[in-house]
Amino acid sequence: WSSDVCSSDLGILLKDGQISKTGTANEVVEEYLALSTKNIENTYSKRFGNKKAEFLSYKLCDVTGKPVNEFFMGDDIFVHLNVKFNEKIENADIGINLKNTMGELISHITSFDDSCIINGYEGEEKQIKIKLCNVFFSPSIYKLDIAILRGSDHFDMIEDCLFFSLIEGERIKRGYFPTHVKIFTVSNWSFH
C-alpha cells in the first residue's frame, strides 16, 4: 500500500473467503454494487399507485434490443416498458428518474417533454420504448425509477427497478475518470 493513502480510504472485497478486489473504498463499493446488481430483472425497492395502468415488465436494452445492464459512456440506452391499462386512460405521462448509487437524482425525463402523450383503453397493453441518447454520466452504477401518472393521479410508480453500470470507453484518454465528477461533458477543441 502507498504511504500517501489514508488507511480509512482503502477497501477490500471478499468473495467466498478470498480477496476479489482491493482499492479505494469507492472502487470496492462500486465493484460490490456491480456484482450485486447483475441479472436483476423486475425487482424494486418500493412500488405504489392505484393500478389504473400498470407496468407488466421493464428492461434495459442495447441498440439491437438485447437486454443488457452494462454500457459504455456515450452509448444510447434503451428502456423497454410493457404497460397494461386497467381502465381507459387519457393524457398520461411516463417519467423516469436516473439516480446514482447514493440515491441522488442525476436526471429526470418525461414523455411530456417529448410531446408524447400516453392513452389507452381498458384491457389494452402497449409496449413503449424510450431512447436515452448519448449517456455521458461518469463511470458508476445507476438505478432507475419509472412511473405512469396523470398529474397527482399516480397509476404505477416503481422505485429502483432497473440498474445499469456505465464503464469508460474510448472517450477517456487519460486512463481514468475522476470519481468525484458526475457527468462527462462532450467537447470539441481547436487551436488557432
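Analyst: Two strands pair if DSSP finds at least two bridges between them. Strands themselves are DSSP runs of E with at least two residues, whereas helices are runs of H or I with at least four residues; both are numbered from the N terminus. This is a predicted model, in which local features need pLDDT of at least 70 and side-chain atom pairs count only at pLDDT 80 or more, while totals for chains, interfaces and linings use all residues. Residues are numbered from 1 along each chain as its sequence is written, and side-chain values use heavy atoms, with hydrogens and water left out.

User: Which residue in strand 10 does Phe78 stand opposite?

Analyst: Phe78 faces Lys131 in strand 10. The pairing of strand 6 (residues 77-85) with strand 10 is antiparallel and extends over eight bridges.

User: In what order do the three strands of the open sheet lie?

Analyst: The order is 4-6-10, with antiparallel pairing. Strand 4 (53-61) and strand 10 (125-132) are at the edges with a single partner strand each, so one side of each has no neighbour in the sheet. From one strand to the next, the twist averages 20°; axes are lines fitted to C-alpha atoms, for helices over the stretch in contact, and angles run from 0 to 180 degrees between N-to-C directions.

User: Is Lys126 buried or exposed, or partly exposed?

Analyst: Accessibility is read in classes: buried is under 20% relative accessible area, exposed is over 50%, and partly exposed is in between (1.4 Å probe, protein chains only). Lys126, a residue of strand 10, counts as partly exposed because its relative accessibility is 28%. Contact means heavy atoms within 4.5 Å; not counting residues up to four places away in sequence, Lys126 touches Leu81, Asn82, Val83, Phe85 and Asn119.

User: How many residues of strand 7 are buried?

Analyst: Nine of its twelve residues are buried, so strand 7 is largely enclosed by the rest of the structure. Its pairings can be read one by one:
- Strand 9 (residues 118-120) pairs with strand 7 in the antiparallel sense over two bridges, and Ala92 has Ile118 as its bridge partner there.
- Strand 11 (residues 140-150) is antiparallel to strand 7 over eight bridges, with Gly95 opposite Ala147.
- Strand 8 (residues 105-110) is joined to strand 7 by five bridges, again antiparallel, with Leu98 opposite Ser107.

Strands 7 and 8 form a hairpin with four residues between them, and Gly103 in the turn has a positive phi of about 85°.

User: What joins the side chains of Lys99 and Asp145?

Analyst: A polar contact is a pair of N or O atoms within 3.5 Å; within protein, one must be able to donate a hydrogen and the other to accept it, and residues adjacent in sequence count only if both atoms are side-chain atoms. Lys99 and Asp145 make such a contact at 3.0 Å. Lys99 is in strand 7 (residues 89-100) and counts as buried at 11% relative accessibility.

User: How many aromatic pairs does a search of the whole structure find?

Analyst: A pair of aromatic rings is described by the distance of the centres and the angle of the planes. Rings of Phe, Tyr and Trp (its six-membered ring) pair if their centres lie within 6.5 Å; planes under 30 degrees apart are stacked, over 60 edge-to-face, and the rest tilted. The search finds three pairs. One of them, Phe71 with Phe164, is edge-to-face, at 5.9 Å centre to centre and 85° between the planes. Phe71 belongs to strand 5 (residues 70-72) and Phe164 to strand 12 (residues 153-167), so the pair ties together parts 93 residues apart in sequence.
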